[in-house]
Amino acid sequence: MSKFSQLVVLSLLITTLLFSCASTPKVVKTTIIGDSAVDLSAAEIYSVSPTVVLPGTLMSITGAGFGEDAGIINIGGVDVTTFLGWEDDVIWFRVPEGIADDAEIQVGYEYAEPYITTAPEGSITVKWIIDAAATQEMVNVKYTQYKLDKAPKWVAPLHIKGQWSKSEGTYGLKDDGWDGGSRQLMYNIPGTDTWVTEAVFTPEAMNSFAKTSMKFAVEDGDDEFRNLSSFESDFAYIIKSRWAGELGLSGDPAFKIDEENKNFDPETRTITVKYPIQ
């Protein structure tokens, strides 16, 4: 091979390598390792969600003073050292193995209330997944039917709210009705428009609904534009209405929490609820 040919081949190899590097998606860091040396003495805990859990359940702790560097937190004597997200006002992680009933969550000197309860055998996890970008596109297309001047824009963060239980004292699940009731912060998967949250329903909680379905809805962080509903932003109200309509319902979105649900996975005992509906 001539020197000219060798130079051409080398040039092509370099060009291919550079193109490959430029087109390779950025790798998103999905886990954060805590450092025991991090000072958490200023931490304050406002809420913990959910409070009924299984090993592996996605959990959040909201508060203040957590700092930007991940430390070590403790649940009932078990250290949590690996996190999905750590910010000054929220910590995301999955429940480790070995958590006993009535376990306290500790961050620095701060203890959370209420205690964390381990769900019994037969419980079902419900996972909500929302593609916020695709959902916004649907609102943009449909907003004119609500006679709005412009399509409402969703404001982070997202929450799922709902009637976790129809009876009082059900494994710590709230029974405060609808808008005064339970709601859970959603986790934004880094580098995506996807938001997710999980709730664990005990057999007692599921039985409390009898033959009825569990109602739920999505909330965003917009507290200003509530022309359509005094309880929800315009964006949240439109999504609730559309979500219910796509499920064939006239009121709020709802589904039955049992093994007959078409989205129930018997291996993981999980019901996955996605929006937009696929």
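I began with the largest nonpolar core: of its 34 residues, Trp128, Phe201, Met214, Phe255 and Ile257 touch the most other members. A nonpolar core here is a set of buried Ala, Val, Leu, Ile, Met, Phe, Trp, Tyr and Cys residues joined through side-chain atoms within 4.5 Å. Buried means under 20% relative accessible area, exposed over 50%, and partly exposed in between (1.4 Å probe, protein chains only).

Next I listed the elements that give two or more residues to this core: strand 13 (124–131), helix 2 (132–142), strand 17 (194–201), helix 3 (203–208), strand 18, helix 4 (234–246) and strand 21 (270–275). Helices (H or I, at least four residues) and strands (E, at least two) are DSSP runs, numbered from the N terminus. I also found a second, separate core of 24 residues, which includes Ile45, Val53, Ala70 and Ile99.

A note on the source: this is a predicted model, where local features need pLDDT of at least 70, side-chain atom pairs count only at pLDDT 80 or more, and totals for chains, interfaces and linings use all residues. Residues are numbered from 1 along each chain as its sequence is written, and side-chain values use heavy atoms, with hydrogens and water left out.

**Strand 18**

I looked up strand 18 (residues 214–219) and saw that five of its six residues are buried. Strand 14 (residues 159–162) runs antiparallel to strand 18, and four bridges join them. Two strands pair if DSSP finds at least two bridges between them. Histidine 159 stands opposite glutamate 219. Strand 18 also pairs with strand 19 (residues 254–255), antiparallel, over two bridges. There, methionine 214 faces phenylalanine 255.

**Salt bridges**

I counted 10 salt bridges in the structure. Each is a side-chain nitrogen of Lys or Arg within 4 Å of a carboxyl oxygen of Asp or Glu.

Which residue forms a salt bridge with lysine 161? The partner is glutamate 219, with the closest N and O atoms 3.5 Å apart. Lysine 161 is in strand 14 and glutamate 219 in strand 18, 58 residues apart. Both lysine 161 and glutamate 219 are buried.

I then checked aspartate 252 and lysine 240, whose side chains meet at 3.3 Å, N to O. Aspartate 252 lies in the loop between helix 4 and strand 19 and lysine 240 in helix 4, so the pair ties together parts 12 residues apart in sequence. Aspartate 252 is partly exposed at 21%, while lysine 240, at 11%, counts as buried.

My last pair was glutamate 259 and arginine 269, bridged at 2.9 Å, N to O. Glutamate 259 is partly exposed at 48% relative accessibility, and arginine 269 is partly exposed at 24%.
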